[in-house]
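Colleague: Could you walk me through this structure? I would like to start with the pockets and then move on to the strands.

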Amino acid sequence: SFVLTFSSNAVGGTILFNVTSPGTSYTVGSTVTVTVTPPFTLGPSANFPVAFPGGSANVPVQITLAPGFTGAVALSATPTSSLVNAQVASSVSSSGPVSLTVVSQPTITPGIVVVALTATAGGYSTTSNFSLSVELPFTAQLTSASSISIFRGFSGVVTAPVVFNPAFNGAVVGTLSGLPSGVSVVASNG
């Protein structure tokens, strides 16, 4: 009897088995064709929905076990930024989607964060990368002059429009502070 162990980078092929009786010319041989397949597949890389600083996002990832494979597949997620926490089930033992969730810290700078999802069973391991776009939910920038002169008893206009990210559906509240004595404010949404 022979026990064959296949490494994670093994390839298939035809193996010839010969059994010979020492001192005789008697030989029995046979061949076996070996097909090497991964024990599971990990869904393709995808992008997360947009996340805002301090927010979260998730993406479903399909894991498909090969027919006949009954082991557990260990999962781990590693983001490229320490300001992002990635969460996924520690292991799965059946085919289906798993949820890969990320939570960003409020202090994260907008940009792209890559989350590497690694799946391992036995000596086989594969990784898929998922991109997370961290964006600002809105911006507000002064469009009028940053310094104005006003005559006493008259009014002036300071404009700072708010531009919303299409993925943002929350509310915003504007506040003013440091008003000089005798100045009142009327805010408008237009």
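**Pockets and strands**

Modeller: Please keep in mind that this is a predicted model. In the second largest pocket, the lining is made up of seven nonpolar residues, five polar residues and no charged ones.

Colleague: What volume does the second largest pocket have, and which residues are the closest to its centre?

Modeller: The volume of the second largest pocket is about 190 Å³, and of the twelve residues that line this pocket, Phe6, Ser7, Val36, Thr37 and Pro39 are the closest to its centre.

Colleague: And how much space lies in the largest pocket?

Modeller: The largest pocket holds about 1500 Å³ of space. It is lined by 35 residues, of which Val158, Leu176, Val185, Val186 and Ala187 are the closest to the centre, while strand 11 (138–140) and strand 12 (162–164) are the elements that give two or more residues to this lining.

Colleague: How does that lining divide by class?

Modeller: The lining of the largest pocket has 21 nonpolar residues and 13 polar ones, together with one charged residue.

Colleague: Switching to strands, what is the order in the open sheet of four strands?

Modeller: The order of the four strands is 7-5-9-10, and the pairing in this open sheet is antiparallel. Strand 7 (91–92) and strand 10 (124–134) are the edge strands, each of which pairs on one side only.

Colleague: How many bridges join strand 5 to strand 9?

Modeller: Strand 5 (residues 73–79) and strand 9 (residues 111–121) run antiparallel and are joined by six bridges.

Colleague: Which residue in strand 9 does Ala74 stand opposite?

Modeller: Ala74 stands opposite Thr120, which belongs to strand 9.

Technical notes:
Residues numbered from 1 in each chain as written. Predicted model: local features only at pLDDT ≥ 70, side-chain atom pairs only at ≥ 80, totals over all residues. Heavy atoms only, no water. Pairing = 2+ DSSP bridges. 1 Å grid on protein atoms, 1.4 Å probe; cavity = no way out; pocket = protein on both sides within 12 Å on 5 of 7 lines; lining within 4 Å. Points joined across faces, edges and corners; volume = space filled by probe spheres on them. Nonpolar A, V, L, I, M, F, W, Y, C, P; charged D, E, K, R; others polar.
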